[in-house]
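Me: I have a protein model open and would like to learn how to read its features. Could you take me through it step by step?

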Amino acid sequence: MPSASFTSSRTYVRRSRRKGANRIAMPNRPAGNIMDPMLQQGVHAQPSNANVASNSASTSNAVGASTSSSAVNSGAAEYFDSGQASGSGGNSSAASGSSTGSTAAGSSGVSQNQSIGNIYNAVQIMDTTEPSSSLASSSSSAAAAAGPSSSSNSSNLTCNSNFPSTSSASQSSSSSSSASGSGGGVATSCCHQSPYDLRRKISSHEQWCAAAAGASAGQAVAIMVGPSSSSPPLLNPSTSPTNSTTSTSSATSSSSSSSSSAASSPSAIVQAPSTSATFPVNNAPTTGATLAQPPNVHSSVPQQQHCGALPVGGAAAVIEDNNYMLPARKRSRRLYTQSGEIDSAAMPSMEAGSGGGSAASGAAGPTAAQYLQYELADEVLLAIFSYLLEQDLCRLALVCKRFNTIANDTELWKRLYQSVFEYDLPLFNPELCKFVFEKPEESEYANPWKESFRQLYRGVHVRPGYQDKRLPGRSIIFFNTIQAALDYPEERASAAFASGPSAGIGAAPAAVNAGLSNTSSGAATGGGASVNALANIYEEHVTPTEHPGPLIFLHAGHYKGEYLFIDSDVALVGAAPGNVAESVVLEREAGSTVMFVEGAKYAYVGYLTLKFSPEVTSTVSHHKHYCLDIGENCSPTVDNCIIRSTSVVGAAVCVGGVSANPVIRNCDISDCENVGLYVTDYAQGTYEHNEISRNALAGIWVKNFASPIMRENHIHHGRDVGIFTFENGMGYFEKNDIHNNRIAGFEVKAGANPTVVKCEIHHGQTGGIYVHENGLGQFIENRIHSNNFAGVWITSNSNPTIRKNEIYNGHQGGVYIFGEGRGLIEHNNIYGNALAGIQIRTNSDPIVRHNKIHHGQHGGIYVHEKGQGLIEENEVYSNTLAGVWITTGSTPVLRRNRIHSGKQVGVYFYDNGHGKLEDNDIFNHLYSGVQIRTGSNPVIRGNKIWGGQNGGVLVYNGGLGLLEQNEIFDNAMAGVWIKTDSNPTLKRNKIYDGRDGGICIFNGGKGILEENDIFRNTQAGVLISTQSHPILRRNRIYDGQAAGVEITNNATATLEHNQIFKNKFGGLCLASGVQPITRGNNIFNNEDEVEKAVSSGQCLYKISSYTSFPMHDFYRCQTCNTTDRNAICVNCIKNCHAGHDVEFIRHDRFFCDCGAGTLSNQCQLQGEPTQDTDTLYDSAAPMESHTLMVN
């Protein structure tokens, strides 16, 4: 038994009374079909004639004229929304017409004609008496009615009287009748039901009224209820039912005496009309069948009515007294009485059967209905309700608040829902072409199962074996094949049109009735309007949200061989427990499995498996066949599908043609033997959240000006490339995860120009992005990492834009541009790659700017094999090898870059590397800031080069170059080194604050130094040594902590027009044997500290320490066993080594080892030694880079 916890009935009644309401007003019964979403207006059903007796017959002739417009009546949504009263048509307009009554003749010999005016639409009654068998020979009566309507919402109701077959005589039956009513009115067929039928509804206290007919003091007391002021009259079950119409004509009728049984008895027979025949009910043979005739009620003392039954005549006071005698919780709702004489035209007559029957007697007490509503335990009601279907529960929810609470129990609806749709979670249709599952606990609806039922109830089902299974209380159509379900809406529309207004009342063929859900056996005049609403679905000017297309549910199974050619706005949705898509399989072996063509603008396919499995031995060519084929001028939605194809010559999904604009989302396109998704020929579309993997060729092809939008797809483990755009393919690719593909993650070729944004492209077995053969594209804010080869490859005249990407942890390089590739590489963060962050080679000419290139396991930027490029405003730092390498004929331009903190060189030119290095900041490298070697001849202009641990600029091994207008300062060793046959040109540079010399030229170095400012360096401003021969012209060498220019070790130089001043140890210091060429130099205001120290008798170590090397005579002491690495100043020889065997060596640069305390004899001119070191005759040799040639 379904479980639920509710408050008890007693507590509920008390709470209701505290809120000021003794009973809950009950809403109108909605007219028309409550569950048929395909019909926007009710279908009038032909009354059913049953148990026709030979002694009783009636005819009804109706002629009317009507001017009305179609209006949509109350539909399924109103019934599912049990919190709202369901009425008749919401936008009905009044109409005028004329109506004539029907005539009837009965076998009882008593006939009566009654005039009816101001009558009510729906007649309901609830009472408790036993059926009387005296109706076996009941007579028929005729009624004619016409009168003004008091309601703008009119509803035409036809009631059929079907008496039980156990009656001793045949019952009278009614023939067809017709009425002309207001626009939007719904003609409904109904039959009488039990008074305790819980599916009937009433609307409010004000809608209850009653009327009595009779002229004598002994007139019968009848209890009658009617829910609205526009309801049809209460009819005697023995009379033929007629339609009550809203009319502006006056009513005329004549009244005759009632039957003898009615005149002699103080009680009257009270009949209850049944619900509409279009409402399926339990125990009916088919959908829409009528109920059995309820029992007649004979009562001398009116019973307590659950819904405010109205006593007629003098019985009102008796009922009111009895009402107050009951306990408060058992009192009925407030009773409304009509006092005084009642005009015979105001209400229909009540006619008893010929048998008369005896009046029931007994004390007033609670009725069965009242007991059900207020006394029966919640658990019992819940158990009863669990046997009902959805329509019955919807009706019960409108009876009272207590029924509403119990009928909306989530477990009840979950059981019903899963019996129909089989889903484990409720599926919602929040908008057009969108079906989503939600966890009940996360849903915004109080009862998500019921709400999902409401949203999906309009659908038909494909469930083999269920086509002939129809249950009362449920309006659902089943089919055995998908094609039958696809054909159903058009067949239905065609049949309904054919049986519409021209076919007449009740002329609909049985074929239409068989296909319509929740319709009666006949068609009414409203059928044409309903079909018009259906036809509007296929018109362009109708909003699709107002008229959604057909909805088809495909239940679990393997549907093989069906060819689905979809050209309308149909929705195909899988329905199964567990993994829905895996349970519903559509498969074909020849031709496309599903094809969408023009007309499928709002079509939907979801939660299915689509397979295309052509036979290997088949001779039929299928290279144009696909698992899913979407043609031009259509925009279907494909959602949550599994798509598989074993075709080796065709893609699994093909989208092609102008205005092909599908939505494909949450699909699994995997394990296909060709391409997964192919978008071509100007097609577009949105592709989101798809799984595309393990396909033999590319996961996605985009070609020939196609421009799809692809977001958040997972494209991986392909046996070829992940995404391939070529031959002018375009598209927008955002937030896709592309990884572990055998070739590149994303390939662009032959004029293709995609836009790739915020994707993650990683772990490619070759590269990440491959742009070649004039490829274009914009790659923006992507994460490209952990690929086996370069993260981005650009070649063969391709020119993409690589912007704001993270390119890192590549097993080779970050960006690799070769084979005359171009491209704009900007604002990227490139780091942690095994080889160079950016590599440019073989005549490639990219623009590289505003990037961060750092922490590479190799170098930062590597330009080689005649590579070119503009490299500007980048930050290149903390790389293992050189920040920038330029080699083998390359000529890049580097401007305004910050190249710093490298573990080797900042910028490294070698093996004929050329190019321009302009306005860069190059600092804090473990080796020198710039190195030039082996024929390289760059232009280095306007740079700031500082903080090098091995000097600022090193030119060696035949290096060349023009160094112009640079600032070279604060380097640990020389600002500029020139050695080993190198011959650079230095012009207008500022070389200062070096922790060693300004410029050191040795080991055969050459060079031209012109117009440079060389100042504040710790050692010599210019040191020329070991057979070097530079040319110095017009330089300013000043404020040095040692000599201005020192020439030693057989070197020579040409000094022309230089200014050398304010240097500590002198202006020009020449070692023994040095004979430079001097011309026009101005040497002045130097401090000559060496000469002053010698003349004052000081040890030279006192002025030099071990950090500088003043040039003077130095000696060796044989007595103290000094070596060639030791030198002793002249004052220490005279004082500390007096009398020793000493030897003059030469005039050169040195500091005094005696003063430094490194000799066995302590210096008498100097204090305690500060450092144990050997004399250095030359500056320390710089460290050369040993570049790994791995790229």
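Reply: Gladly! Keep in mind that this is a predicted model. Let's begin with a histidine and its neighbours. Leaving aside residues up to four places away in sequence, histidine 739 touches His714, Ile715, His716, His717, His762 and His763.

Me: Where does histidine 739 lie?

Reply: Histidine 739 is part of strand E33, which covers residues 737-739.

Me: Is histidine 739 buried or exposed?

Reply: The value to look at is the relative accessible area, and under 20% is called buried. Histidine 739 has 10% relative accessibility, so histidine 739 counts as buried.

Me: With which side chain does histidine 739 make a polar contact?

Reply: The partner is the side chain of histidine 714, at 2.7 Å.

Me: What about histidine 925: where is its place?

Reply: Histidine 925 sits in the loop between E57 and E58. Its relative accessibility is 1%, so histidine 925 counts as buried. Among the residues that histidine 925 touches, not counting those up to four places away in sequence, are Ile899, His900, Val905 and Gln949.

Me: Next topic, please: salt bridges. How many salt bridges does the structure hold?

Reply: The general idea is a side-chain nitrogen of Lys or Arg within 4 Å of a carboxyl oxygen of Asp or Glu. The structure holds 38 salt bridges. One of them joins glutamate 826 to arginine 803, with 2.5 Å between the closest N and O atoms. This pair links distant parts of the chain, 23 residues apart: glutamate 826 belongs to strand E44 (residues 824-826) and arginine 803 to strand E41 (residues 801-803).

Me: Which relative accessible area does glutamate 826 have, and which does arginine 803 have?

Reply: Glutamate 826 is buried, at 7%, whereas arginine 803 is partly exposed, at 24%.

Me: Which residue forms a salt bridge with arginine 898?

Reply: That is glutamate 875, and the closest N and O atoms are 4.0 Å apart. Arginine 898 lies in strand E54 (residues 898-900) and glutamate 875 in strand E51 (residues 875-877), so this bridge ties together parts that are 23 residues apart in sequence. Arginine 898 is partly exposed at 37% relative accessibility, and glutamate 875 is partly exposed at 22%.

Me: Could you show me one more pair?

Reply: Look at glutamate 964 and arginine 941, whose side chains meet in a salt bridge of 3.0 Å, N to O. Glutamate 964 is found in strand E62 (residues 962-964) and arginine 941 in strand E59 (residues 939-941), so parts 23 residues apart in sequence are tied together by the pair. Glutamate 964 is buried, with a relative accessible area of 10%, while arginine 941 is partly exposed, with 26%.

Me: Which residues are linked in a network of salt bridges?

Reply: The network links Arg895, Glu918, Arg941, Glu964, Arg988, Glu1011 and Arg1034.

Me: Now for the backbone. How should I read a phi angle?

Reply: Most residues other than glycine have a negative phi. Threonine 842 is not a glycine, yet its phi is positive, at about 50 degrees. Threonine 842 is in the loop between strand E46 (838-841) and strand E47 (847-849), and it is partly exposed at 21% relative accessibility. Asparagine 924 also has a positive phi, near 60 degrees. You will find asparagine 924 in the loop between strand E57 (921-923) and strand E58 (930-933).

Me: Let's turn to a helix. Which residues of helix H9 are buried?

Reply: In H9 (residues 410-420), the buried residues are Leu412, Trp413, Leu416, Tyr417 and Val420. Seen down the helix axis, the buried residues of H9 fall within an arc of 125 degrees, so they line one face of the helix. Here is the general idea: an α-helix has 3.6 residues a turn, so residues three or four places apart point the same way.

Me: Which residue caps the N-terminal end of H9?

Reply: Aspartate 409 does, with a side-chain oxygen 3.2 Å from the backbone nitrogen of glutamate 411. Just after H9, glutamate 422 has a positive phi of about 70 degrees.

Me: Finally, the surface. Which residues make a nonpolar surface patch?

Reply: Val658, Tyr682 and Phe705 make a patch of about 280 Å². Valine 658 is in the loop between strand E22 (653-656) and strand E23 (663-665), and valine 658 is partly exposed, with a relative accessible area of 47%.

Note on methods: Residues are numbered from 1 along each chain as its sequence is written. This is a predicted model: local features need pLDDT of at least 70, side-chain atom pairs count only at pLDDT 80 or more; totals for chains, interfaces and linings use all residues. Side-chain values use heavy atoms; hydrogens and water are left out. Helices (H or I, at least four residues) and strands (E, at least two) are DSSP runs, numbered from the N terminus. Buried means under 20% relative accessible area, exposed over 50%, partly exposed in between (1.4 Å probe, protein chains only). Patches are made of residues with over 30% relative accessible area and no salt bridge: like charges are joined within 9 Å, nonpolar side chains (Val, Leu, Ile, Met, Phe, Trp, Tyr) within 5 Å. Accessible areas come from the Shrake-Rupley method with a 1.4 Å probe; for residues, only the protein chains shown count as cover. The arc is that of the directions from the helix axis to the C-beta atoms. A polar contact is a pair of N or O atoms within 3.5 Å; within protein, one must be able to donate a hydrogen and the other to accept it, and residues adjacent in sequence count only if both atoms are side-chain atoms. Contact means heavy atoms within 4.5 Å.
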